[in-house]
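Please work through each task before reading its solution.

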Amino acid sequence: MEDLIKKLNRAKNRLPENEKNSLSDDILDKLYTVYPFNKFEYIISHLIAKGVMDLNQYLNIRSEYLNRNKYLYLFELAPRTFGETWGQRHLMEFIPEFKVPNHQLDPNFAGEYDLWLDGIRVEVKASRAVKKKGGDTLAEKALSSNSKSKFDMNFQQLKPSCCDVFVWIAVWRDKIDYWLLSCIDVKTNESFSNQHRASQLSDTGEVVEGQIHINNGNYTSFDKYRVSISEIHDRIHSIAENLQRR
């Protein structure tokens with residue numbers, strides 16, 4: 001968004017002096033907008049009408065913006081729709097071997113994990129990279145992967161005893177990260193902490209349901225779990241095999 005605003009401001013500066021006031025901040029702040037007619041549409045239509053911007057320049061700006069923000073729409077989804085509906089469907093589109101668990105596949109299934117892959121219990125968690133401060137909505141706080149802003153992603157309601165493998169999906173404005181962790185990787189991670197103060201602990205004092213925040217300080221420490229989406233199927237099998245050997 002910052003890059004788009006800079007480009008439009010440079011174009012506005014090329015307007016004749018007597019035309020600049022029509023696109024002043026004061027005018028734009030008072031502009032009544034209804035989707036999809038917003039202040040950016042208003043600015044661009046004025047710039048084209050005044051000959052400051054032509055159609056090809058507009059199309060280039062549009063293309064660049066879409067490339068930088070191709071996943072921005074995911075920041076507008078409600079939390080449950082994003083985490084449960086979109087996240088699981090996204091994986092199943094690329095990996096058709098995933099199945100929705102039921103009692104025929106797993107007689108002991110009680111809703112404690114999300115997907116089934118050849119006998120392997122898989123839990124899917126998704127989170128969005130947002131600024132720690134500033135902005136009212138998630139879309140306004142959404143960050144690109146090269147941003148220098150402080151960010152936070154929270155993978156929560158993690159129950160390592162209820163699955164074999166976790167698939168974490170981390171969404172940025174311009175890319176998606178995929179991390180695969182075994183249940184033991186999560187349980188023993190130094191960032192794994194109680195979800196709530198009153199969260200239950202096991203008899204040995206271990207966290208039963210917890211969370212892991214990923215931010216500027218520990219983001220690179222999860223590189224060892226990073227995979228491409230094409231690697232997820234085989235890597236899940238590899239993790240499950242390693243668990244069986246323990």
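**Exercise 1.** Which residue lies over the face of Phe82, and at what distance from the ring centre?

*Solution.* The model is predicted, so local features need pLDDT of at least 70 and side-chain atom pairs count only at pLDDT 80 or more, while totals for chains, interfaces and linings use all residues. Residues are numbered from 1 along each chain as its sequence is written, and side-chain values use heavy atoms, with hydrogens and water left out. A charge sits over a ring if NZ of Lys or CZ of Arg is within 6 Å of the ring centre and within 35 degrees of the ring normal. Arg128 lies over the face of Phe82, 4.1 Å from the ring centre.

**Exercise 2.** Classify the pair formed by Trp179 and Tyr219.

*Solution.* Rings of Phe, Tyr and Trp (its six-membered ring) pair if their centres lie within 6.5 Å; planes under 30 degrees apart count as stacked, over 60 as edge-to-face and the rest as tilted. By this rule there are 11 aromatic pairs. Trp179 and Tyr219 form one that is edge-to-face, with 6.0 Å centre to centre and 70° between the planes. Trp179 lies in strand β6 (residues 176–182) and Tyr219 in the loop between β8 (210–215) and β9 (226–227), so this pair ties together parts that are 40 residues apart in sequence; strands are DSSP runs of E, at least two residues, numbered from the N terminus.

**Exercise 3.** Is Trp179 buried or exposed?

*Solution.* Buried means under 20% relative accessible area, exposed over 50%, partly exposed in between (1.4 Å probe, protein chains only). Trp179, at 0% relative accessibility, is therefore buried.

Definitions and conventions
Helix = DSSP H or I, 4+ residues; strand = E, 2+ residues; numbered from the N terminus.
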